[in-house]
Amino acid sequence: ALLNAETGQRGYLVTSDNQYLAPYHNAYRSVDPAAVALIAHLGDDATLRAPAERMRRLAAQKLGELASSIRTHTR
């Protein structure tokens, strides 16, 4: 989903065509709930949860970077 979001963001930045933002928006809506579900599935095992929680933070950071560049381009 993050790869699709990045591809869509890049397509939008190159063309300014809003249709390229669909993969970005889909990822934005789906990545965090999927990460939350994964973390819940892992239960109380800290050795499994820690990397999943780190992945969730990094995914949120990446989506934030993509959002920032889209906002900058839209202005």
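The part to look at is helix α2, with its packing against α1 and the residues around that contact.

Analyst: This is a predicted model, where local features need pLDDT of at least 70, side-chain atom pairs count only at pLDDT 80 or more, and totals for chains, interfaces and linings use all residues. Residues are numbered from 1 along each chain as its sequence is written, and side-chain values use heavy atoms, with hydrogens and water left out.

Start with the element itself. Helix α2 covers residues 21-42. Helices here are DSSP runs (H or I, at least four residues), numbered from the N terminus. The 22 residues of α2 should span 32 Å at 1.5 Å a residue, and the end C-alpha atoms are 32 Å apart, so the two values agree. The expected span is 1.5 Å times one less than the number of residues.

α2 has a kink of about 30° at S30, shortly before the proline P33. That bend is the angle between axes fitted to the seven residues ending there and the seven starting there. After α2 comes G43, with a positive phi near 70°.

Next, the packing. Two packed helices are described by the angle between their axes and the distance between the axes. For α1 (residues 2-15) and α2, the angle is about 145° and the axes lie 7 Å apart. Axes are lines fitted to C-alpha atoms, for helices over the stretch in contact, and angles run from 0 to 180 degrees between N-to-C directions. The crossing of α1 and α2 is left-handed: the near helix is turned anticlockwise from the far one by less than a right angle.

From α1, the residues L2, N4, A5, G8 and Y12 take part. They meet L21, P23, Y24, A27 and V31 of α2. Contact means heavy atoms within 4.5 Å. The residues of this contact divide into 8 nonpolar, 2 polar and no charged. Ala, Val, Leu, Ile, Met, Phe, Trp, Tyr, Cys and Pro count as nonpolar, Asp, Glu, Lys and Arg as charged, and the others, Gly among them, as polar.

Burial in α2 falls on L21, Y24, A27, V31, A35 and I39. Buried means under 20% relative accessible area, exposed over 50%, and partly exposed in between (1.4 Å probe, protein chains only). An α-helix has 3.6 residues a turn, so residues three or four places apart point the same way. The buried residues of α2 pack against α1 and α3 (46-74).

α3 has buried residues too: A52, A59, L63, L66, A67 and I70. Their cover includes α1 and α2.

Now the α1 side. Y12 sits in α1 and is buried, at 7% relative accessible area. Leaving aside neighbours within four places in sequence, Y12 contacts D17, N18, Y20, L21, I70, H73 and T74. Q9 is also in α1 and counts as buried, at 9% relative accessibility. Not counting residues up to four places away in sequence, Q9 touches Y20, L66, S69 and I70.

Last, the loop between α1 and α2, which holds S16. S16 is not a glycine, yet has a positive phi of about 60°. S16 is partly exposed, with a relative accessible area of 46%.

How values were computed. Helices (H or I, at least four residues) and strands (E, at least two) are DSSP runs, numbered from the N terminus.
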